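Subject: Structure handover

Hello,

I am passing on the structure below.

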Amino acid sequence: MSQLSDRHFRSVVELIQSQVGIQLPPAKRTMLEGRLRKRMRALDLDSLDAYGRHLFDEGRLAEEYVHLVDCVTTNKTDFFREPAHFDLLRSEIVPRLIAGRGRPLLKLWSAAASTGAEAYTLAMVLQDMIAAGAGFSYAILGTDISTEVLRVAADAIYPDEMLAAVPPDLRRRYVMRARDPGRKQGRIVPELRARTRFQRLNLMDARYPVDHGVDVIFCRNVLIYFDKPTQKAVLGRLAAHLRPGGFLVVGHSESMAGTGVPGLTPVSSTVFRR
């Protein structure tokens, strides 16, 4: 089975570390090569070494870059993942954000959106609160570095095994069943899709093309792929987009990442407030 040359492996590792922030130690080499083989085949190249030459020796990196990033990034996501955060959103975060503000427009940002499950989970929770009489409206932005997963997010069509994590009452209200029951999939209802948009964004960029004054940012289960200085830098840039009093939520495995970030005060181990 073909392999990347040591030189090309190092080149990929250095590129991904500098441009995406993800660390790829030697132990990840087999995984990386397995993912890159689909691009090798798509380009009709006969080996990974040929793919490496294509990128770094033949000047084709710029046109292949987005596909390379899509291959390398991990896009594990679920509806209602780490559900305590959504309980907190409903019981504490939103009530604190809307207190004394009339009927505000809440702006939420899913900063590592993957295929959209987190963004649409946010939409379900918020829409359910509105249906119960809460006085606000909302808009949700989902961003990710991978164009491939963003296409899935925009389509909002998911297999039944993924939708099984959505509570049954919310699934009935906010997921449309496929007309052909044999397809075993559903689509998020238009009402939620209309309030949710997606765009490509690299968290490693020095500036983010996102509104300031965001009320809630979810950035969960992506910081673990970054080294500590990169984590702090990313969280600092995210915090700058929060409105005063806004909330930043990180993953349970990243609870220490937000400690000591200027402008952020811990509310709990994984929730911070500007």
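A residue is called buried here when its relative accessible area is under 20%. By that cut-off, the buried residues of helix H3 are Leu48, Ala50, Tyr51, Gly52, His54 and Leu55. Please keep in mind that the model is predicted.

What covers these residues? The cover over the buried residues of H3 includes H1, H2 and H4. The helix pairs are taken in turn below.

H1 and H3

Helix H1 spans residues 6-19 and helix H3 spans residues 48-56. Their axes are 10 Å apart, and the two helices pack at an angle of about 55°. The crossing of H1 past H3 is left-handed. On the H1 side the contact uses His8, Ser11 and Val12, which meet Asp49, Gly52, Arg53 and Phe56 of H3. Sorted by type, the residues of this contact are 2 nonpolar, 3 polar and 2 charged. Gly52 of H3 takes part in this contact and is also one of the buried residues of H3.

H3 and H4

Helix H4 covers residues 61-72, and its axis comes within 8 Å of the axis of H3. The two axes cross at roughly 125°, which means that H3 is oblique to H4. H3 contributes Tyr51, His54, Leu55 and Phe56 to the contact, while H4 contributes Leu61, Glu64 and Leu68. The residues involved divide into 5 nonpolar, 1 polar and 1 charged. Tyr51, His54 and Leu55 of H3, which touch H4, are also among the buried residues of H3.

H2 and H4

Helix H2 runs over residues 29-42 and packs against H4 at an angle of about 140°, with the axes 9 Å apart. At that angle, H2 is oblique to H4. H2 passes H4 in a right-handed crossing. Leu32, Arg35, Leu36, Lys38 and Arg39 of H2 meet Glu64, His67, Leu68, Cys71 and Val72 of H4. This contact holds 5 nonpolar, 1 polar and 4 charged residues.

Regards

How values were computed: Residues numbered from 1 in each chain as written. Predicted model: local features only at pLDDT ≥ 70, side-chain atom pairs only at ≥ 80, totals over all residues. Heavy atoms only, no water. Axes fitted to C-alpha atoms, helices over the stretch in contact; angles between N-to-C directions. Helix = DSSP H or I, 4+ residues; strand = E, 2+ residues; numbered from the N terminus. Left-handed = near helix turned anticlockwise from the far one by under 90°. Contact = heavy atoms within 4.5 Å. Nonpolar A, V, L, I, M, F, W, Y, C, P; charged D, E, K, R; others polar. Parallel < 35°, antiparallel > 145°, perpendicular 65-115°, else oblique. Buried < 20%, exposed > 50% of the residue type's maximum accessible area, 1.4 Å probe, protein only.
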